[in-house]
Amino acid sequence: MSREGVTPQSEDFSAWYNELVIKAQLVDRGPVRGTMVIRPYGYRVWELLQADLDRRIKDAGHDNAVFPLFIPESYLKREAEHVEGFSPELAVVTIAGGKELDEPLVVRPTSETVIGEYMAKWIDSHRDLPLLLNQWGNVVRWEMRPRMFLRTTEFLWQEGHTAHIDEDDAMRETMWALDAYAAVARDLAAIPVVAGEKTPGERFAGAVRTYTIEGMMRDGRALQSGTSHYLGTNFAKAFEIQYQDEEGKLRLAHTTSWGLSTRMIGAVIMTHGDDKGLVLPPRLAPYQVVIVPIGRKEQGERTAAEARKLGAAIKSMGIRVHVDDNRPQLSPGFKFNEWEMRGVPVRIELGMRDLEAGVATLVRRLPTVEGQGKEQIELERVPELLPGILADFQSFLLARAEAFREEHTADVDDFAAFTEQVAGGWARVFHCGRPECEDEIKADTAATPRVIPAEAPEESGECVKCGRPSAYGKRVIFGRAY
C-alpha cells in the first residue's frame with residue numbers, strides 16, 4: 001500500500017472517492033472498461049450486508065432461486081415500456097459457438113421478463129399465490145460513465161420477484177421490501193435514509209409505482225440505495241401470469257420486484273469516509289478491531305504473543321478481530337495509517353510500556369466524544385468493554401450522518417433559493433409532478449426529484465419551478481444525485 005493519502009474531500013470529492021476505493025483495497029479495475037474486481041476486503045463488506053438481508057428475506061417467507069444470465073431478446077420486447085427504458089444499457093450477444101444466433105440474447109440487466117415467463121408456468125391457482133422469489137446474482141448494464149460500486153457495467157445485487165392475488169397484497173409486499181431496505185441501511189450501514197415514493201418521471205420502466213431509499217453523501221448529493229416496485233398487472237399481461245380464483249375465473253396476478261446492490265458499499269464509503277480514508281460502521285467492518293503489537297526482536301515477540309492472546313479473548317466475544325503481527329518489515333506508524341485508511345472502527349496498540357502498566361491503548365477511528373483521542377484501558381477488561389464501545393461507535397456514526405443530512409436540507413419556496421440549496425444539499429419543495437417540469441429543473445440545476453418522503457407532513461403550495469399547484473400533498477426532496 002502506498003504511503004500517500006487521498007485527495008481531500010473539500011478539494012475534489014470525486015477524486016477522493018476514486019482513490020480511496022483502490023487504496024483501501026476494496027476493489028481493483030476490471031479488464032473491461034466499467035467492470036470491477038471486488039477484492040476480499042470489499043467482498044467481505046458485501047457478505048455481511050448479504051447475510052443480514054438474506055436472513056430478513058427468508059424470515060419473511062421468500063425462497064432463493066437462480067435464473068439464467070441470458071434472456072431472449074423477445075422476452076424484453078413483450079413489455080414495451082420496460083424494453084424502451086433499458087435499451088440504451090443492454091449488452092446483446094449475437095454470435096455464439098462460432099455461429100450467428102437465430103435470436104439475439106440479452107445479458108440480463110434485471111430479471112422481470114425471464115422470471116415472469118416462469119411464473120406463468122408455475123402459477124395455476126389462487127393456492128399458488130403469493131409466489132415469493134429472490135435471486136442473488138449479477139447483472140449487466142452498459143455504463144458510459146462508470147464509477148466503482150456506484151455505476152459499473154457489471155454489479156452484484158439481490159432482486160426479489162413476487163406474484164400476488166391482488167393489488168393490496170402486492171402493495172404490502174412492495175412496502176415490506178422498502179422497510180427492509182431502510183432497516184438494513186440504518187441498522188447495518190448507519191445511513192439515515194429517507195424512504196418514500198418516486199415521482200412518475202423517475203419510476204422504474206414498466207412499474208406502476210416505484211419506492212426508494214435515498215441517502216445523503218458527504219458532498220450533499222443523493223444516492224438511490226435500494227428500490228421497490230409495484231408492477232401492477234403490466235408484466236402479468238405481457239407474460240400471461242394468471243391464476244384461477246375460488247370461483248374458477250382466470251385473473252391476472254399482481255407482481256412486484258425490488259433490489260439492493262453493491263451500490264450500498266459506495267453509500268457507506270461516501271456517507272462516513274473522511275480525508276484519512278474509510279470509516280466503516282462496526283456491523284459492516286470485516287475487522288471490527290485490529291491489534292498492532294509494537295516492539296522489535298525480543299520485545300516484539302513478547303508483545304505479539306500478548307496481542308494474539310488478547311485477540312483470542314476478543315474473538316470469544318463474537319467480535320471480528322485481526323492481529324497485525326506478521327509484517328515486521330513495516331513500522332507501527334505505517335500500520336496505523338493503513339488501518340485508518342481501511343476504516344477499522346477500533347485499533348488497539350500494544351507495546352512494552354502498555355504491558356508493564358497492564359493496559360492497552362485503544363484508538364477509535366473517529367472520536368465519539370470531542371477531544372477523546374487515544375485512551376488507555378485495563379488490559380483484562382478490554383474484551384468485556386469492546387462490545388459496548390463498538391455499539392456506541394455504530395450509534396455515533398448514524399447520529400453524525402443524520403445531523404449532517406439535516407444541516408444540509410432545507411425547505412425552499414422560490415427557484416433562486418432552490419438553485420443555491422441544491423448546489424450542496426437537498427431542497428424540500430412543492431412540485432407539480434409534471435415530467436417536463438422535472439426536465440427543466442434538471443437542465444437548469446442538475447437536480448432531480450429524489451423522493452416523496454413517506455413520513456413528511458401533509459401540506460400543499462405552488463410548484464417551485466412553474467407555479468402550478470403541488471401534486472403530492474407534501475414536499476418533494478430534490479437534489480443532485482449519483
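I began with Thr256 and found a polar contact of 3.4 Å between its side chain and that of Trp258. I note at the outset that the model is predicted.

Entry on Thr256. I placed Thr256 in strand β14, residues 254–261. I then looked up a polar contact of 2.4 Å that joins the side chains of Thr256 and Thr162. Is Thr256 buried or exposed? I recorded a relative accessible area of 1% for Thr256, so this residue counts as buried, the cut-off being under 20%. Setting aside residues up to four places away in sequence, I listed the residues that Thr256 touches: Gly160, His161, Thr162, His164, Ala170, Glu173, Thr174, His229 and Leu231.

Entry on the nonpolar cores. I looked up the largest nonpolar core and noted 57 residues. Which residues have the most contacts inside this core? I found Phe149, Met264, Ile269 and Met270. Helix α6 gives the largest share of this core, 8 residues. I also recorded a second, separate core of 26 residues, with Ile71, Leu76, Val106 and Ala253 among them. In soluble globular proteins, nonpolar side chains tend to be buried together.

Entry on helix α8. I checked α8, residues 263–272, and found it mostly covered, with 10 of its 10 residues buried. Among them are Met264, Ile269 and Met270, which I had already listed for their contacts in the largest core. For Met270, leaving aside neighbours within four places in sequence, I noted contacts with Phe13, Trp16, Tyr17, Leu150, Met217, Arg218, Leu223 and Tyr482.

Entry on Leu26. I located Leu26 in the loop between α1 (13–23) and β1 (27–29). Leu26 counts as buried because its relative accessibility is 2%. Not counting residues up to four places away in sequence, I recorded that Leu26 touches Val21, Val37, Ile38, Arg39, Tyr41, Gly42, Phe149, Ile269 and Leu278. I also looked up the pair Leu26 and Arg44, which are 18 residues apart in sequence and 9.3 Å apart in space, C-alpha to C-alpha.

Entry on the second largest pocket. I noted about 490 Å³ of space in this pocket. Its lining has 23 residues, and those nearest its centre are Val194, Ala195, Arg405, Pro453 and Glu455. How do the lining residues divide into nonpolar, polar and charged? I recorded 12 nonpolar, 1 polar and 10 charged. At least two lining residues each come from α6 (167–187), β9 (194–197), α12 (382–407), β20 (409–411) and β21 (426–429). The largest share of the lining, 5 residues, comes from α6.

Definitions and conventions:
Residues are numbered from 1 along each chain as its sequence is written. This is a predicted model: local features need pLDDT of at least 70, side-chain atom pairs count only at pLDDT 80 or more; totals for chains, interfaces and linings use all residues. Side-chain values use heavy atoms; hydrogens and water are left out. On a 1 Å grid over the protein atoms alone, a cavity is a set of points where a 1.4 Å probe fits but cannot get out, and a pocket is an open set with protein on both sides within 12 Å along at least five of seven lines; lining residues have an atom within 4 Å of a point. Grid points are joined across faces, edges and corners, and a volume is the space filled by probe spheres set on the points. Helices (H or I, at least four residues) and strands (E, at least two) are DSSP runs, numbered from the N terminus. Ala, Val, Leu, Ile, Met, Phe, Trp, Tyr, Cys and Pro count as nonpolar, Asp, Glu, Lys and Arg as charged, and the others, Gly among them, as polar. Buried means under 20% relative accessible area, exposed over 50%, partly exposed in between (1.4 Å probe, protein chains only). Contact means heavy atoms within 4.5 Å. A nonpolar core is a set of buried Ala, Val, Leu, Ile, Met, Phe, Trp, Tyr and Cys residues joined through side-chain atoms within 4.5 Å. A polar contact is a pair of N or O atoms within 3.5 Å; within protein, one must be able to donate a hydrogen and the other to accept it, and residues adjacent in sequence count only if both atoms are side-chain atoms.
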